[in-house]
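Please look over the sequence and the structure below before reading on. The briefing is arranged by topic, so that each point can be checked in the viewer.

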2 protein chains.
Amino acid sequence: MNLTIAEENYIKAIFHLQQAEGNVSTNQLAASLHTKPASVTDMLKKLTIKSLLNYEPYQGVRLSKDGKKQALNIVRKHRLWEFFLVDKLQFGWDEVHEVAEELEHVRSKKLVDKLDSFLGHPKFDPHGDPIPDSNGNMVTIRQFNLIDIKISTIVEVCGVGSQSAELLELLRHKNIGIGTVLKIIRKFDFDHSVEIQIKNSDHINISQQLAQALFVKLI
Amino acid sequence: MNLTIAEENYIKAIFHLQQAEGNVSTNQLAASLHTKPASVTDMLKKLTIKSLLNYEPYQGVRLSKDGKKQALNIVRKHRLWEFFLVDKLQFGWDEVHEVAEELEHVRSKKLVDKLDSFLGHPKFDPHGDPIPDSNGNMVTIRQFNLIDIKISTIVEVCGVGSQSAELLELLRHKNIGIGTVLKIIRKFDFDHSVEIQIKNSDHINISQQLAQALFVKLI
DNA sequence: AATTATTTTTAGATAAATCTAAATAAATAA
DNA sequence: TTATTTATTTAGATTTATCTAAAAATAATT
Ligand SMILES: [Mn+2]
Ligand SMILES: [Mn+2]
Ligand SMILES: [Mn+2]
Ligand SMILES: [Mn+2]
């Protein structure tokens, strides 16, 4: 069954939202897709008929098994294209999201699989998010929020909490990216900021907001 | 001014049709876009309002200056993506048209220009068609129809008359592609077939229809 | 429990892109 | 030159995706 671009964007948004919380509400979806609740309700009815999700009025939605499968395929395409843009075309990691938002809708299984080979079957996209394989499986690593790491621990940045241009601009300025290895030097109770050290360079200060937007793994 | 995918497909179709003939008729466009004449008329009115073409009822259309500029940009994207698919992703030249038909609509000037660099600024797509640069300029080579070449002449295949899967399948079978160098051995008056020789292999016979679908240059 | 506020759905419109069937214009043939 | 055929346009519908405004359901507060 072939989905329209709008339908694919809804399916993907529901997928991401239901990871965090349980049922996804109409308002959440409207906010996430920059559209209006009334439009969301219409689309939910349509996707229900296509049995991509389970929806009862006023109760929010969750993807069906088939819906989840479709979502994983779109996420796979999105992240593979992001990897391509950064790795092959030298885009900055803060510039690729929008473009991938269009490329993800190109329909050709052969294209995706050949792209995957060409890129060397990458496991993570430029933002540290795992790339599903053609069966929808992806690696899961135990990742922690930087704000929760104890002093003196050495960790590696492996993900960011949002794709916003503002966050990525700040990270670029502080020289922090996926794979950056850093040590927690000190934590301040007043504003919950964190002092860290990257490699052997000077100590730098990370605000509470920024620390909460960084996911790390122990090494 | 941002065009929809449907508008871009119309603009590109008009561009290709007006190369061959003068004014492009409603029926020609309908056939080329696999749509109905009534739909074409509607779209022509819309594109006229956007001043992308000059249209008077019953007289057919031609692109305006701006329309031609838009068309060249779409053609550029289409051919660059085709080159990418064949050169980097190992697609066959007979498999790329459909996929490029979607990729050509991804809107990002930066993407196109970076792709162009990544590919090494190719001048021709896998079917031998010239790729416009970012200003809309493309090389023009004097090319002839194979059917018109004299006996004993040595030529190089540089283009095909159509992108149809049927043609490309036949060419693949006969081991003929862009860049193939061949010699005209004999021409038969009965069916206007042509006997040719590729490199030092055996003579093979080319039907009139096939010879008319092959463009070559003198070397 | 009754009132108020919030969320969600329905009703009714609109714009884009398409279609079929009918009307009209242009081209061709008798 | 009139009649016939062909090409093109108009009229009226349909599907998809959106919106605003109003109604209804649910949740939160007195
Ligand atoms: Mn998208
Ligand atoms: Mn990403
Ligand atoms: Mn296209
Ligand atoms: Mn081509």
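This is a predicted model: local features need pLDDT of at least 70, side-chain atom pairs count only at pLDDT 80 or more; totals for chains, interfaces and linings use all residues.

In it, chain A can be laid on chain B with an RMSD of 0.0 Å by a turn of 180° and a shift of 0.0 Å along the axis, which is the relation of a two-fold axis.

**Symmetry and interface**

- Among the residues of chain A, A:Leu103 comes closest to the rotation axis, with its C-alpha at 3.7 Å.
- Of the interface residues of chain A, 100% are interface residues in chain B as well, so the two copies meet through the same surface.

**The manganese ion (ligand 2), held by chain A**

- The donors to the manganese ion (ligand 2) are A:Glu82 through OE, A:Asp125 through OD and A:His127 through ND1, at 2.1 to 2.4 Å, and the spacing of these donor residues in sequence is E-x42-D-x1-H.
- Because A:Glu82 belongs to helix α4 (residues 65-87) of chain A while A:Asp125 sits in the loop between α6 (109-118) and β3 (144-145) of chain A, the pair ties together parts that are 43 residues apart in sequence.
- A:Glu82 is buried, having a relative accessible area of 1%, and A:Asp125 likewise counts as buried, at 4% relative accessibility.

**The manganese ion (ligand 3), held by chain B**

- The manganese ion (ligand 3) is coordinated at 2.0 to 2.5 Å by B:Asn9 (OD1), by B:Glu101 through both O and OE, by B:Glu104 (OE) and by B:His105 (NE2), and these donor residues follow the spacing N-x91-E-x2-E-H in sequence.
- Distant parts of the chain are linked here by a pair 95 residues apart, since B:Asn9 is in helix α1 (residues 5-20) of chain B and B:Glu104 is in the loop between α5 (96-103) and α6 (109-118) of chain B.

**The surface near DNA strand D**

- There are 20 residues around DNA strand D, of which A:Thr4, A:Thr35, A:Ser39, A:Lys46 and B:Tyr55 come nearest; by class, this surface has 9 nonpolar, 7 polar and 4 charged residues.
- Sugar or phosphate accounts for 76% of the atoms of DNA strand D within 4 Å of the protein, and bases account for the rest.
- The elements that give two or more residues to the surface near DNA strand D are, in chain A, α1 (5-20) and α3 (37-49), and, in chain B, α2 (26-32) and α3 (37-49).

**B:Ser193 and its surroundings**

- B:Ser193 is found in the loop between β5 (181-187) and β6 (194-198) of chain B, and at 4% relative accessibility this serine counts as buried.
- The side chain of B:Ser193 makes a polar contact, at 3.4 Å, with the side chain of B:Asn205.
- Leaving aside residues up to four places away in sequence, B:Ser193 touches B:Arg186, B:Lys187, B:Phe188, B:Asn205, B:Ile206, B:Ser207 and B:Gln208.

Note on methods
Residues are numbered from 1 along each chain as its sequence is written. Chains are lettered from A and ligands numbered from 1 in the order in which they are written. Side-chain values use heavy atoms; hydrogens and water are left out. Copies are superposed by least squares on the C-alpha atoms of residues with pLDDT of at least 70 in both. Contact means heavy atoms within 4.5 Å. Donors are N, O and S atoms within 2.8 Å of the metal (3.2 Å for Na, K and Ca); water is not among the atoms, so sites may look incomplete. Helices (H or I, at least four residues) and strands (E, at least two) are DSSP runs, numbered from the N terminus. Buried means under 20% relative accessible area, exposed over 50%, partly exposed in between (1.4 Å probe, protein chains only). A residue is near a molecule or strand if one of its heavy atoms lies within 4 Å of it. Ala, Val, Leu, Ile, Met, Phe, Trp, Tyr, Cys and Pro count as nonpolar, Asp, Glu, Lys and Arg as charged, and the others, Gly among them, as polar. A polar contact is a pair of N or O atoms within 3.5 Å; within protein, one must be able to donate a hydrogen and the other to accept it, and residues adjacent in sequence count only if both atoms are side-chain atoms.
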